[in-house]
2 protein chains.
Amino acid sequence: MRNILLTMMYDGSCFHGWQVQQNAVSVQEVFQQGFSRIFGNADIKGCSRTDAGVHANMYCISFHTDHRIPVERIPSAINHYLPASMAVLSAEEVADDFHARYSCKGKEYIYKIWNDDIRNPFLEKYALHYWYPLQTEVMNEAAVHLIGYHDFTSFCTLDNREKGDFRRTVRQLTVSKQDKLVTVSIEADGFLYNMVRIIVGTLLYVTQGKIQPDEIPMILEQKRRTAAGPTAPPHGLYLNRVFY
Amino acid sequence: MRNILLTMMYDGSCFHGWQVQQNAVSVQEVFQQGFSRIFGNADIKGCSRTDAGVHANMYCISFHTDHRIPVERIPSAINHYLPASMAVLSAEEVADDFHARYSCKGKEYIYKIWNDDIRNPFLEKYALHYWYPLQTEVMNEAAVHLIGYHDFTSFCTLDNREKGDFRRTVRQLTVSKQDKLVTVSIEADGFLYNMVRIIVGTLLYVTQGKIQPDEIPMILEQKRRTAAGPTAPPHGLYLNRVFY
């Protein structure tokens, strides 16, 4: 059997997250419908769950198949059966034990913020609209304290999916600004539930002066969700890169 | 009475063009509903008509009013009553005889093309998806022949709105490429109905080899719509700047 790795992209504003669920259209469900036209009932493994409204510039899927279609023809073959809001970008054959989720060595998310007193009609579903002028220097001062190997319990929404180890290594975390668009980029070996959105919400509290940059180590130490800032809304968030 | 000039922005994918029409929601209709909450039944003059699906990064409106609201407060006051798909960007007082349409000295449109074999889910309504690799050098070679004062009858859809003089001055026309996004920019003293979309359709024919760059002068001379290329679809088109 061949093991295939797909990279894809989707506009999350059209879906209720990646995972199949009752009473809501998910990316996985719609993808699987199109995918099955070529590959039947092959079991697909997604690299992660994403919440409703969260986008993906790069999302990875792996699956085993006996189908002999040449890899380079797979993207257009599947795309033919997918809605315009998603697209397979590439396909490659990988080792038999490769798994889109378990083989993942890290991911990068970006969070986009439209920072102006006037909204941008083209970004309503694609960036958080934030009036208050953002001070990226101060946000970066706070961000530095989150880089490294830490227990991120304070930056995680507790639900039944998060058990055991809350320690993760944040490899990069930067806040940059181009014109009125602020982008928070974060790379880590793994992410807890809502971790990026809580980090962004906390950095927004920092720029508002509600949290001082040097208070971040204390927030980490407390291991209490309420110590950090609020959870930023989903529509500014993009899964941007997946590392294997 | 004060005469006010507004600049605004809208996502045209939500509307059937600027102008009020029966059986379809237009930008003007929705704008007027919100606008009237502040300025009542003041008569608004738009800088131009735009087709269904066409976007505006800058659209101008003028109107007379006795309302005493300070100009700097007008954008947020109106935006409060507009849907997320449109936004007033600025407001200023202008001379009494200023008219958003008749005082206009020129406009710039841009046309966006996503040039890749795989579609971009985020640009489905915001750029033409075009598979065939575009040769921007050849397109620019053809474009040069359109710059200047010409009769653009061949680049105009004839309907009852176009009468009389079909001569316009194209001041700038360039095709540029950044990664997979090709942008056609065109500035003229005025535009005929569908002129930009027919120019884009013709430049696409040029890159396909169906029209040679040096055939453009002949196409202009023929003054016949069928001499030029097809009309490119509306969703890649943006009114980008209005000059007074």
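1. How are H3(B) and H4(B) oriented to each other? H3(B) and H4(B) are oblique to each other, because angles under 35 degrees count as roughly parallel, over 145 as roughly antiparallel, 65 to 115 as roughly perpendicular and the rest as oblique. The axes of helix H3 (residues 136–144) of chain B and helix H4 (residues 195–207) of chain B cross at roughly 130 degrees and come within 9 Å, where axes are lines fitted to C-alpha atoms, for helices over the stretch in contact, and angles run from 0 to 180 degrees between N-to-C directions.

2. This is a predicted model, in which local features need pLDDT of at least 70 and side-chain atom pairs count only at pLDDT 80 or more, while totals for chains, interfaces and linings use all residues. Residues are numbered from 1 along each chain as its sequence is written, and chains are lettered from A and ligands numbered from 1 in the order in which they are written.

3. The crossing of H3(B) with H4(B) is right-handed; a crossing is left-handed if the near helix is turned anticlockwise from the far one by less than a right angle, and right-handed if clockwise. On the H3(B) side the contact is made by Val138(B), Met139(B), Ala142(B) and Ala143(B), and on the H4(B) side by Leu203(B), Val206(B) and Thr207(B), with contact taken as C-beta atoms, placed from the backbone, that lie within 7 Å. By class, this contact of H3(B) with H4(B) has 6 nonpolar, 1 polar and no charged residues, where Ala, Val, Leu, Ile, Met, Phe, Trp, Tyr, Cys and Pro count as nonpolar, Asp, Glu, Lys and Arg as charged, and the others, Gly among them, as polar.

4. In chain A, helix H3 (residues 136–144) and helix H4 (residues 195–207) pack at an angle of about 130 degrees with their axes 9 Å apart, and H3(A) and H4(A) are therefore oblique to each other. Their crossing is right-handed.

5. Between the chains, 15 residues of chain A are in contact with 15 residues of chain B. Strand S1 (2–10), helix H2 (74–79) and strand S4 (86–94) of chain A are the elements that give two or more residues to the side of chain A that touches chain B, helices (H or I, at least four residues) and strands (E, at least two) being DSSP runs numbered from the N terminus. S4(A) gives the most to this side, with 3 residues, and by class the side has 10 nonpolar, 2 polar and 3 charged residues. The copies meet through the same surface, because 100% of the interface residues of chain A are also interface residues in chain B.

6. Chain A is divided into domain 1 (2–94) and domain 2 (106–243), with bounds that come from an automatic or database domain assignment. The C-alpha centres of these two domains of chain A lie 27 Å apart, and 14 residues of domain 1 are in contact with 10 residues of domain 2.

Conventions:
Two residues are in contact if their C-beta atoms, placed from the backbone, lie within 7 Å.
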